[in-house]
Amino acid sequence: MDSNLLKVTIDGRSIEVPPGTTILQAARMIGEHYPPAMCYYTPLKESGGKCRVCLVRVAQTSEANPRPMPKLVASCLTRVENGMVVENESSPEVLEARHGVVEFLLINHPLDCPVCDQAGECDLQNLAFEHGTEQTRYEEGRREFDKIDIGDKIQLHMTRCILCYRCVFTADQITNERVHGVLNRGDAAEIGTYIKHAIENDFSGNIVDVCPVGALTDKTYRFKQRVWFSKPFNAHRSCDKCCGEVVLWIKNNDVIRVTARKNKFGEVEKFICNDCRYDHKNLEDWVIGEAAEIERDSVIRANKYKTKIHSPAVQVDAKFVSE
Amino acid sequence: MARQILFEHINVPGINTLETYVSKGGYQSLARAFKMTPDEVTEEVKKSGLRGRGGAGFPTGMKWSFLDKKSDKPRYLVCNGDESEPGTFKDRHLMMNIPHALIEGMIVSSYALGARTSYIYVRGEMMPVIRVLEKAIQEAYKAGYLGNNIQGSGYSLDLYVQPGGGAYICGEETALLESLEGKRGNPRNKPPFPAVWGLYGCPTVVNNVETIADVPWIVNHGGDAYAAIGIGKSTGTKLISACGNINKPGIYEIELGLPVEEFIYSDQYCGGIPNGKKLKAVVAGGSSVPILPADLILKTANGEPRLMSYESLNDGGFVSGTMLGSGGFIVYDEDQCIVRNLWNFTRFYHHESCGQCSPCREGTGWMEKVLHRIEYGHGKMSDIDLLVDVAKKIEGKTICPLGEAAAWPVASAIRHFRAEFEAHVSDPGSCCKKHLHREMTSVH
Amino acid sequence: MSILSDSAILEINNLKSRYPQGKQKSALLPALHIAQAEKGWLPVDAMDEVAGILQIKPIEVYEVATFYTMFHVKPVGKYVIEVCRTGPCCTIGAEELIQYMEDKLGISVGETTDDGLFTLKTVECLAACGMGPVLQIGPDYTYRENMTREKFDLMIEELRNKS
Ligand SMILES: Cc1cc2nc3c(=O)[nH]c(=O)nc-3n(C[C@H](O)[C@H](O)[C@H](O)COP(=O)(O)O)c2cc1C
Ligand code: SF4
Ligand code: FES
Ligand code: FES
């Protein structure tokens, strides 16, 4: 064994990883049954720790310290120690906690999937499908915000936001001028620009790609098509601003949307510029490659929502259906 | 009169000035400390058994020894003067009346930790306190207790007061550090702890006002002398701020180990319950700690007298015990409504949640809304268990302990006073605040 | 055109020396207190000016100003009455007193009187629970402890006469 590597066992399967690796990363290396992540995003520094869906139980801290950790820990931020033993899906405590977090995320969510552009590729929808319950126990009023346009390309539907902070980190780290952020606090906290302000920046479109729900959507694509009616293809062009490597969402030979490519964990590895995203919607602009694999355990792949949404956790409010 | 360490001279006229403070023996610990090495000062604090007075009761000397001294970054001492835990009002009193006690403590503690710049973070609402501290700091600079080469020791220190802006969460030490960096008061995920990654990413110790003000006495008299006061692992004295339905609300310095019954009923302290009313319940350590009914606050489940100490108040765990916490002692007489009080506290946590992590952001609001319904006569029996379950799903799942702070009051109030919740549901007409002509609502 | 006075700008600039080089953002909270003391509240251009002095982005100021309850991001009356509404004060009559204040001023919590003199605001525990009910009043944030209806009436009268 390479003496620099650390051995970690997650749900009974072991792997050796370099120091600095988090539990979540190690679990992803092992394969299929890794914890979900709604706020952590590998390319974004400081992301993670907020949504709490990735909580796991550390049954043994390390070889040197065989005691369990006193509380569940955020796997996205907790680093592996040698000899660590972790319980993810094998721990009823973890599953119950995750179930609780999903319920919390849903109590103020509008559940307007039928009219949401993100439906079919929404991490919250997927999560609710796996960890939600049949019935909501929440009978109180839900938080509501007006939807607003931030610039002519992006719409913010704050009611759907889960405050993962990903878009804020993206604006900070990928673009050079952040004009939006988190305002107010507690459950009144919201993403916003405070004063009417358009988010205009060569890389601003990426905040749509990193949003795990339908809070930030591409206005140039809105309502054009349900995502599962279009086919994604990898494509590239030579671009002087970004890598030019994208996914084209094509229907009937029309490019209806351009997004960055995501890896199998749903994360963008190479951010793209707004030129590629918004200004090249002709097939001729692109060298088209193979069909893009939508790898994550998404409802698109699972083909769960061919015609209509009916996640058990998602009781659709009639108001939204008729919208 | 019981042993007074912090308040010995609090009633001396002019004790807020440097001159009077020095005439009462103030600032003597500096010369003593400078004759010792910083580690020797830390060693005395360890020996004293002093535990953090901000709420968690963590041994102060041990916290200091965790400070990463291998790092070549600057080190910081930050004093936590955010005092916002409902029921707690001791630090404001101390800073307002004997500001030099805190400043002297900051100097010797900073010396022990090797800090060259230290900050006292005071909640913004306490502007009057901030003005007093700033004036006192100017006096201390003038007298050569702060600044370069203090008293020829070769040690230099700059000390600043930093105002908060109105946010309970900034009492949580990492939220406080964020706030001090000019940011929103969002607590950080830990580890890394401040001892390694604190202010500006540098090794930092955060201590409560009272904790730091205790240090000069320890330096002057030795750790052993301090450890001789109090009981068991609860050494020394503690400031208790007593409020609610008592005859003599105020701030008392008690020797740890004082029987709770004596504290409530003796004329030297709270002086009993007004108007001949009976004691109903006590929240003994600030709003976050579990509420206890009269019988359990006076005696432990084993029938032993409950004492004002970390251990005795915690006797029975959370089944039948509570915590000393911050020393915010809130007394409820028989007329007080547990449901209404709990709704009020839960509204507080809802309002004060920073909103970063989902269990606290969403769960505190959920609990508040359910409690508001119950309080105003629209509750269901199933709401009571729902509250217990939501509290359980917050507890231990959050970034910072505000989650627990919000969950414990709910769990304990229902544990000890379930019948009262049921009565609110089954007989809404019995609603306790009928005389208020408007509903109090949650305002953001 | 600067919206803050020269002395306020100087005061904010002077704050920077309290913090290490490059950490001038630390001055944000005290700077906002200075700006608010001068303007009565925090209009956007005042916040933008603070951002300029501290060399940070305007959004960083908005994020902070909207997080902390002491900062008024909407116009308020000349005197902001901030009265504690938290549990311990309520055991000794704060709720009843707050409703009395509303009636007396003819406004609800959160509102400002027509003459622009008073804004009534409820706040959380002010660390004066043993001296409750308690309120404080800007710009000095003086505490008024052991409040009663009579004391409140007197206070309002005094402030009205002063204006
Ligand atoms: C939500 C929350 C609020 C807190 N508020 C305060 C406070 O107002 N004052 C304080 O000294 N400690 C407070 N604490 C505790 C601090 O995080 C920290 O433990 C303390 O300042 C350490 O100082 P000590 O060891 O001297 O007690 C709070 C903790 C939490 C979780
Ligand atoms: S527990 Fe509450 S206060 Fe603490 S980080 Fe989470 S949301 Fe913020
Ligand atoms: S992914 Fe770990 S807390 Fe959100
Ligand atoms: S509850 Fe009003 S000051 Fe503490």
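Author: About 2900 Å² is buried between chain B and chain A in this predicted model, and carbon and sulfur atoms give 47% of that area. On the side of chain B, B:Glu362, B:Trp366 and B:Lys393 supply 23% of the area buried against chain A, more than any other three residues. The contact takes in 36 residues of chain B and 35 residues of chain A.

In one of the salt bridges, the side chains of A:Glu140 and B:Arg373 meet at 2.8 Å, N to O. Three elements of chain B give two or more residues to the side that touches chain A: H15, helix H16 (358–375) and helix H17 (381–394). H16(B) provides the largest share, with 10 residues. By class, this side of chain B has 10 nonpolar, 14 polar and 12 charged residues.

Chain B also meets chain C. Here 65 residues of chain B are in contact with 47 residues of chain C. The buried area is about 4300 Å², with 54% of it from carbon and sulfur atoms. The count of salt bridges between chain B and chain C is 4, and C:Glu124 and B:Arg347 meet through their side chains in a salt bridge of 2.5 Å, N to O. There are 26 residue pairs in polar contact between chain B and chain C, with both residues at pLDDT 80 or more. Elements of chain B that give two or more residues to this side include strand E2 (117–122), helix H7 (127–142), strand E11 (328–333) and helix H15 (338–352). H15(B) gives the most, with 9 residues. The residues on this side of chain B divide into 29 nonpolar, 21 polar and 15 charged.

B:Asn341 is one residue to look at in helix H15 of chain B. B:Asn341 has a relative accessible area of 10%, so it is buried. Its side chain is joined to that of B:Tyr332 by a polar contact of 3.1 Å. Leaving aside residues up to four places away in sequence, B:Asn341 touches B:Tyr332 and C:Gly87.

The nonpolar interior can be taken next. In soluble globular proteins, nonpolar side chains tend to be buried together. The largest nonpolar core here has 168 residues, and B:Phe421 and C:Leu32 touch the most other members. Helix H18 (residues 402–426) of chain B gives the most to this core, with 10 residues. C:Leu32 touches residues including C:Leu42, C:Met47, C:Val61 and C:Phe71, not counting residues up to four places away in sequence. A second, separate core has 57 residues, among them A:Leu44, A:Leu127, A:Cys167 and A:Leu216.

In chain A, A:Thr21 lies in the loop between strand E2 (13–17) and helix H1 (23–30). With a relative accessible area of 6%, A:Thr21 is buried. A polar atom of the A:Thr21 side chain lies 2.5 Å from the backbone oxygen of A:Pro18. Residues up to four places away in sequence aside, A:Thr21 touches A:Ala26, A:Met29, A:Thr78, A:Arg79 and A:Val80.

Methods: Residues are numbered from 1 along each chain as its sequence is written. Chains are lettered from A and ligands numbered from 1 in the order in which they are written. This is a predicted model: local features need pLDDT of at least 70, side-chain atom pairs count only at pLDDT 80 or more; totals for chains, interfaces and linings use all residues. Side-chain values use heavy atoms; hydrogens and water are left out. Contact means heavy atoms within 4.5 Å. Buried area is the accessible area (1.4 Å probe) that two parts lose on being put together, summed over both. A polar contact is a pair of N or O atoms within 3.5 Å; within protein, one must be able to donate a hydrogen and the other to accept it, and residues adjacent in sequence count only if both atoms are side-chain atoms. Helices (H or I, at least four residues) and strands (E, at least two) are DSSP runs, numbered from the N terminus. Ala, Val, Leu, Ile, Met, Phe, Trp, Tyr, Cys and Pro count as nonpolar, Asp, Glu, Lys and Arg as charged, and the others, Gly among them, as polar. A nonpolar core is a set of buried Ala, Val, Leu, Ile, Met, Phe, Trp, Tyr and Cys residues joined through side-chain atoms within 4.5 Å. Buried means under 20% relative accessible area, exposed over 50%, partly exposed in between (1.4 Å probe, protein chains only).
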